[in-house]
Structure formats: structure tokens, C-alpha cells
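Please read the briefing below alongside the sequence and the coordinates.

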Amino acid sequence: KGLAGLIQQKAALAEVKAARKALNAQLALAQDALKGSNAPAAVATNSGIIVFREGLEAVLILAALMASFRTTANKHLRRPMWVGTALAFVASIITWLIMRSTLSLFASFGEKLEAVVSVVAIAVLLLITNWFFHDVYWKGWMANFHKQKQSIIKGAAGQFIGLLILGFTSVYREGFETALFLQALVLEAGPALVLIGAAAGMLLVMLFGLAIFALQAKLPIMKMLIFTGILIGQVLLVMVGNTV
């Protein structure tokens with residue numbers, strides 16, 4: 001008999017408690033099933049795509065900013081930018097941890113929390129995807145970075161700190177976005193799958209970074225960004241579906 005039926009019939013307390021215990025066990029199984037990911041490979045792949053896409057953009061920005069620092073006379077100017085890049089990477093990891101800790105405080109909201117985080121991530125994804133396909137955004141964004149770089153180089157005082165901050169800001173935005181986007185995937189499938197995909201995406205970013213900076217290979221970066229932008233669109237569709 002169902003719990004509601006037992007209560008309606010004013011059954012014995014022991015019988016009601018036994019029915020309630022059995023019902024709780026079934027609800028726990030259902031909750032575990034809902035928490036699991038029906039497509040773990042898809043979650044890991046989406047995580048890798050996000051990290052690769054955002055990392056590739058960071059590599060492109062750094063490559064553009066450091067292009068004029070290849071000669072012996074100004075090669076030393078690369079060092080503060082690399083320091084800023086390293087700090088941005090560490091700050092991105094700290095941002096991830098802060099976001100995880102903050103969201104864990106609201107874990108009791110369950111699927112409502114996942115929906116809210118996903119909506120925020122989707123909104124930001126739509127915004128940057130819209131920017132990405134507008135040439136004026138790229139020109140304006142990169143022009144602003146180059147303007148800051150020239151201003152820093154001309155001023156001898158604080159040159160190291162200025163270039164460090166430039167390297168930090170040019171990379172941290174991508175790190176912050178990545179940390180935000182991955183939160184929605186973590187809430188859906190847990191951190192293990194997301195971190196596996198993120199590690200694979202980061203490995204690809206490092207390989208492409210090595211090819212560009214160490215080997216000075218001329219890769220079709222813009223075409224790659226367009227292709228990964230399309231992949232991000234697919235990730236967006238999946239996130240929309242899960243949120244709905």
C-alpha cells in the first residue's frame with residue numbers, strides 16, 4: 001500500500017514508518033540517477049572544448065602583443081608578460097575554487113541552482129559568441145591592448161609592473177570565463193569528468209602555444225577560432241537543453 005493510503009486508513013505507526021523508509025530509499029535512488037550524467041563522454045568533451053577555445057584566444061592575444069618583442073633589444077620585455085600570464089593562470093584556479101566553494105553553500109537548492117548557474121553561463125557565452133563574430137570587436141579589443149602596451153613601453157618607470165599587469169589582464173578574462181562555464185558542467189556531472197576534459201583541452205592549448213611561441217609556426221589561428229566558436233555553439237545548445 002502507498003504511504004498516502006496508509007495514512008488515510010490510519011494504519012499502525014510502525015507500518016507507516018516502514019512505508020516511509022521504503023519510499024525514502026526509492027527517492028534516494030531516483031536522486032542519484034538524476035545526478036548522474038547520461039553522456040559522460042559528452043560532458044568531458046564539452047569541458048575540453050571550452051578550455052581549448054578560451055585558451056586559444058588567450059594564446060592569440062599574447063602572440064599579438066609579444067610579436068614586436070622578438071628582437072634581441074626588446075626580447076627582455078617578454079618576461080614580465082609571462083609572469084603576468086602565470087599569475088593569471090593561478091588566479092583562474094583560485095577563481096574556480098572560490099566559485100566551487102560558494103556554490104557548495106547553496107547545494108541544497110539542487111536543480112534550481114544548476115538552472116541559475118547554467119542561465120548565467122549561457123548568457124555570457126551568447127555575449128562573447130556575438131562579440132567573436134563581429135570584426136569590430138576584435139579590432140577594438142586588440143587595439144586597446146596594443147595602446148596599453150605602447151603606453152607602458154614608452155614610460156621607463158614601472159615598465160615591468162605595467163607589462164606584468166597587461167599579461168595578467170589579457171589572460172585572466174579568459175580564465176574567469178572558463179571557470180564560470182565549467183561550473184554548470186560540474187553541477188550537471190560532477191568535477192571528475194569536467195577536470196578530465198579540462199586537462200585534455202589545456203594540453204592542446206599548451207601544444208599550440210609551444211608551436212606559436214617556441215617554433216614560431218604560422219598557424220591558421222583565426223580559422224581555428226571560428227571552428228572552435230562553432231563548437232562552442234554546440235556546447236551552448238547542450239547547456240540550453242539541460243537547463244530547460
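Which side chains meet in a salt bridge at 3.2 Å, N to O? They are those of Glu 174 and Arg 173, where a salt bridge is a side-chain nitrogen of Lys or Arg within 4 Å of a carboxyl oxygen of Asp or Glu. This is a predicted model, in which local features need pLDDT of at least 70 and side-chain atom pairs count only at pLDDT 80 or more, whereas totals for chains, interfaces and linings use all residues. Residues are numbered from 1 along each chain as its sequence is written, and side-chain values use heavy atoms, with hydrogens and water left out.

**Salt bridges**

- The structure holds four salt bridges, and one of them links Glu 57 to Arg 53, with the closest N and O atoms 2.8 Å apart.
- Glu 57 and Arg 53 both belong to helix H3, four residues apart, or about one turn of the helix (helices are DSSP runs of H or I with at least four residues, and strands are runs of E with at least two, numbered from the N terminus).
- Glu 57 counts as buried at 3% relative accessibility, and Arg 53 is buried too, at 5% (buried means under 20% relative accessible area, exposed over 50%, and partly exposed in between, with a 1.4 Å probe and protein chains only).
- Arg 173 also meets Glu 177 in a salt bridge, at 3.5 Å from N to O, and these two residues are four apart in helix H7, which separates them by about one helical turn.
- Salt bridges that share partners join Arg 53, Glu 57, Arg 173, Glu 174 and Glu 177 into one network.
- Glu 174 is buried at 2% relative accessibility, and Arg 173 is buried at 18%.

**Helix H4**

- Helix H4 covers residues 78-104, and its 27 residues reach 39 Å from the first C-alpha to the last, close to the 39 Å expected (1.5 Å times one less than the number of residues).
- Buried residues of H4 include Met 81, Ala 88, Ser 92, Trp 96 and Leu 103.

**Largest pocket**

- The largest pocket holds about 770 Å³ of space, and of its 27 lining residues, Val 51, Phe 89, Ser 92, Met 202 and Val 205 lie nearest its centre.
- A pocket is an open set of points on a 1 Å grid over the protein atoms alone, where a 1.4 Å probe fits, with protein on both sides within 12 Å along at least five of seven lines, and lining residues have an atom within 4 Å of a point.
- H8 gives the most to this lining, with eight residues.

Key. Grid points are joined across faces, edges and corners, and a volume is the space filled by probe spheres set on the points.
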